[in-house]
Amino acid sequence: MIRHTTVIFLFFPLLFSACKFQQEGAGISDDLKLWYDEPAEFFEQCLVLGNGKMGASVFGGVAKDSIFLNDATLWSGEPVDPNMNPEAYKHVPAIREALKNEDYELADKLNRKLQGSFSQSFAPLGTVLIEYGHSSDTADYYRELDISNAISKVQYKIDSKAYQREYLISHPDQVMAIKLTSADDAGFNFRIRFRSLLRFASKNEGNVLEISGYAPYHAEPNYRGDMPDAVRFDDNKGIHFTTLFTIDSRDGQITGTDSTLTVSEASEAIIYISIATSFNGFDKDPVEEGLNHRSIAHDKINAAVSKSYGSIRKAHIEDYKSYFDRVSIKLEGESSEDLPTDDRLRKYSAGETDKGLEALYFQFGRYLLISSSRTPGVPANLQGIWNPYLRPPWSSNYTANINVEENYWLAESGNLTEMHQPLLSFIRNLSETGVITAKTFYGVNGWASCHNTDIWAMSNPVGDFGKGHPVWANWNMSGAWLSTHLWEHYLYTQDETFLRDNYPIIKGASLFCLEWLVEDKRGFLITSPSTSPENLYLTPGGYRGATLYGATADLAMIRELFALNIEAAGILGIDKKYVKKLEEVLTRLYPYQIGAKGNLQEWYYDWEDADPKHRHQTHLFGLHPGSHITPQETPDLADASRTSLEIKGDETTGWSKGWRINLWARLLDGDRAYKMYRELLTYVEPDGVKTTYDRGGGTYPNLFDAHPPFQIDGNFGGAAGVIEMLMQSHLDVIDILPALPSDWPSGAVSGLKARGGFEVSFSWKENALIELKIKSTAAKKCKVRYKGKTVEFSTREDQVYRFDGNLDEK
């Protein structure tokens, strides 16, 4: 155990007013543009915009500009029937008996009887094509995404005449606006048309092009391959939508047909786009009980065109910056912002230094979260809100055995707590269907959710009723994992009302776990059957299997969940009898085991992994995102976790690299975390949709995470890892620079959030803290630690506390 010197100060009102934190020298976060010198050819080169509901992927072509459109609420499917396999639980005793007899092959076979339907898919709305008829013989082509204001631009010259486009998607006005300008005296011409993989019809009324359509009522996951009726449409089923296009031009002539809008001889034109769907909640039929999407879309676009573009732009920037500007970062060192972003990424991948790119990637993660997660009950999915495919990779759903959770690791610490709300409210939906899942699939109380879910809050194990391999289909612990997000939100905000309102959800998840536990042969409590997400074991007899009892990952999540349930009940002063039961059960859980190689065992026995380099490392949950394995308090388990990571190596998929950055940071190994951060930024050439993966994850030219294919979780996990290297707060103390990489000797960061209700800013130089500022947002006691010295003090709400590099009061 590391020993610390503790110095306690009590501070009262003689304090400091909040001011913008600055470091000496250059300003903070001045490298905030992605830019390129040619249009996008592939989706992974597009520049993406979003207002948390509407998403756009902009290609920036010259003769023709293509823009993929999405809406966060446009999915295939209808409300799920959680009672789809009402007698599945009756097979549990037979599976447990097979496991008791160590017949793992039979257990795998029987476990397929605990399966239900697959999830539905996030759908592409369609593509708007803006056809200019320009030749491709252009000069000075430039396109950018400025993440400081969430605006994209394209500019170029033809015959020395300048053309410019500006794109934004406004949250206050709920429209996309595209401003087109030209210096050509003769003006410019263009035509708008729309195409979609969905069913739709179009009409034109008063030069408003109206698209009405609907998503499939069923879409099979892409990994099931070609099969009959994989995508099924019915006008009387599924989510319907309306998309509207209109143009405002001060001098151009606007004409239209039932499928196009055309502008002639304009020096300036503004295109407005609005989208609405009939989705009205996870449990509402989108046809019979759906929203009036046509009326909503018209209201949005009518309100927008009654305003000036300037006022829409101003409101958009003010809204966006109210979130984005909360955090800034500067890493001292060489930077190459004068190069196109794809060239920067290539050079960085070849080993060159680019501190600006490292900071930009972090802030891009925050940009993506603001842009994709502002719709209640509809979290960012595997691709955020940007998807052009009818059967996208892994259905672009909510994969709950790591991916949807990783999407939100950044939310609280990155000072974007509002963006956490879509997931937090979705968990409530999931807990409702999950009550039926717990009863019908597992025969217990509480609520459960499994590997996959979707906008309909599907909570059952997938597999199409026995056709899925248990290695991925049967895992049933996502309710436990997701419930930790409710607790994390409380820890950061100290919002006791939120905790009280959501305590029943936490308790419901822990009750499921409590009743799901059974005794093993030695009297310990274990889960049975269990799996470890997507990984396979090898028994000494050579069987390659998935189903077992007492998987470490299950028990890690149960430990974390029971501990937070106990603490939450104590804060609220309730549930003493239930808490006593949880405390008793915690002492009886099968202990962590350290294997012969010094690794933390993933399996009940010290078995080999079928793939020792496997991308998942869920058995390390207690280290991160959990907090009950730490180098300070459980050094043996931390060392075993380190050995497990060493065995796995560093070459893995994008999202897995994001997770391992955080794991290494929790092990206080900043250089190893930084090594993986650099590798996460390995350039990956786009090639359209790639639905198979190897170990080589990285980053596409537009800074999207490459699993490959594109998955947004790696962006969020990598950004969260930057914070974990610079600051940690999971041990009831704010640790400053706990895992500082040697490659970041000097820098500054402002606005990070720490658990306990604190906002933290600091600068460092030559690997030493220079200045620290802590703002209290909840008037709680604060404990801060740096290099073995701890300072503890009382706080008042909205007061600011300053310290020098020795943690002495300034």
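A cavity is a set of points, on a 1 Å grid over the protein atoms alone, where a 1.4 Å probe fits but cannot get out. The views below are close-ups of a predicted model.

**View A. The second largest cavity, with H4 in its lining.** About 60 Å³ of space lies in the second largest cavity. The residues lining this cavity are Gly-50, Asn-51, Ala-150, Ile-169, Ser-170, His-171, Pro-172, His-316, Asp-319, Tyr-320, Ile-370 and Arg-374. Two elements, strand E9 (161-170) and H4, each give two or more residues to this lining. The largest share, 3 residues, comes from H4. By class, the lining comprises 5 nonpolar, 5 polar and 2 charged residues.

**View B. Packing of helix H4 against helix H6.** Helix H4 (residues 309-324) packs on helix H6 (residues 355-372) at an angle of about 125 degrees, and the two axes lie 10 Å apart. H4 is therefore oblique to H6. The crossing of the two helices is right-handed. H4 contributes Tyr-320, Tyr-323 and Phe-324 to the contact, while H6 contributes Gln-363, Arg-366, Tyr-367 and Ile-370. These contact residues divide into 5 nonpolar, 1 polar and 1 charged.

**View C. The largest cavity and its lining.** A search of the whole structure gives 5 cavities of 30 Å³ or more. The largest cavity holds about 80 Å³ of space. Its lining consists of Asn-111, Leu-114, Tyr-442, Asn-474, Trp-475, Asn-476, Trp-516, Pro-529, Ser-530, Thr-531 and Asp-554. By class, these residues are 5 nonpolar, 5 polar and 1 charged.

**View D. The largest pocket.** The volume of the largest pocket is about 960 Å³. Its lining comprises 44 residues, of which Glu-488, Leu-491, His-730, Asp-732 and Arg-755 are the closest to the centre of the pocket. Two or more lining residues come from each of helix H8 (409-413), helix H11 (478-493), helix H13 (552-572), helix H16 (654-666), helix H18 (713-726) and strand E35 (782-786). H11 provides the largest share of the lining, 8 residues. The lining of the largest pocket is made up of 17 nonpolar, 13 polar and 14 charged residues.

**View E. Packing of helix H11 against helix H12.** H11, which provides the largest share of the lining of the largest pocket, packs with helix H12 (residues 496-516) at an angle of about 160 degrees, their axes being 9 Å apart. Because angles over 145 degrees count as roughly antiparallel, H11 and H12 are roughly antiparallel to each other. The crossing of H11 and H12 is left-handed. On the H11 side, the contact involves Gly-479, Ala-480, Ser-483, Leu-486, Trp-487, His-489 and Tyr-490. On the H12 side, the residues in contact are Glu-496, Phe-498, Leu-499, Asn-502, Ile-505, Ile-506, Ala-509 and Cys-513. The residues of this contact divide into 10 nonpolar, 4 polar and 1 charged.

Terms used:
Residues numbered from 1 in each chain as written. Predicted model: local features only at pLDDT ≥ 70, side-chain atom pairs only at ≥ 80, totals over all residues. Heavy atoms only, no water. 1 Å grid on protein atoms, 1.4 Å probe; cavity = no way out; pocket = protein on both sides within 12 Å on 5 of 7 lines; lining within 4 Å. Points joined across faces, edges and corners; volume = space filled by probe spheres on them. Helix = DSSP H or I, 4+ residues; strand = E, 2+ residues; numbered from the N terminus. Nonpolar A, V, L, I, M, F, W, Y, C, P; charged D, E, K, R; others polar. Axes fitted to C-alpha atoms, helices over the stretch in contact; angles between N-to-C directions. Parallel < 35°, antiparallel > 145°, perpendicular 65-115°, else oblique. Left-handed = near helix turned anticlockwise from the far one by under 90°. Contact = heavy atoms within 4.5 Å.
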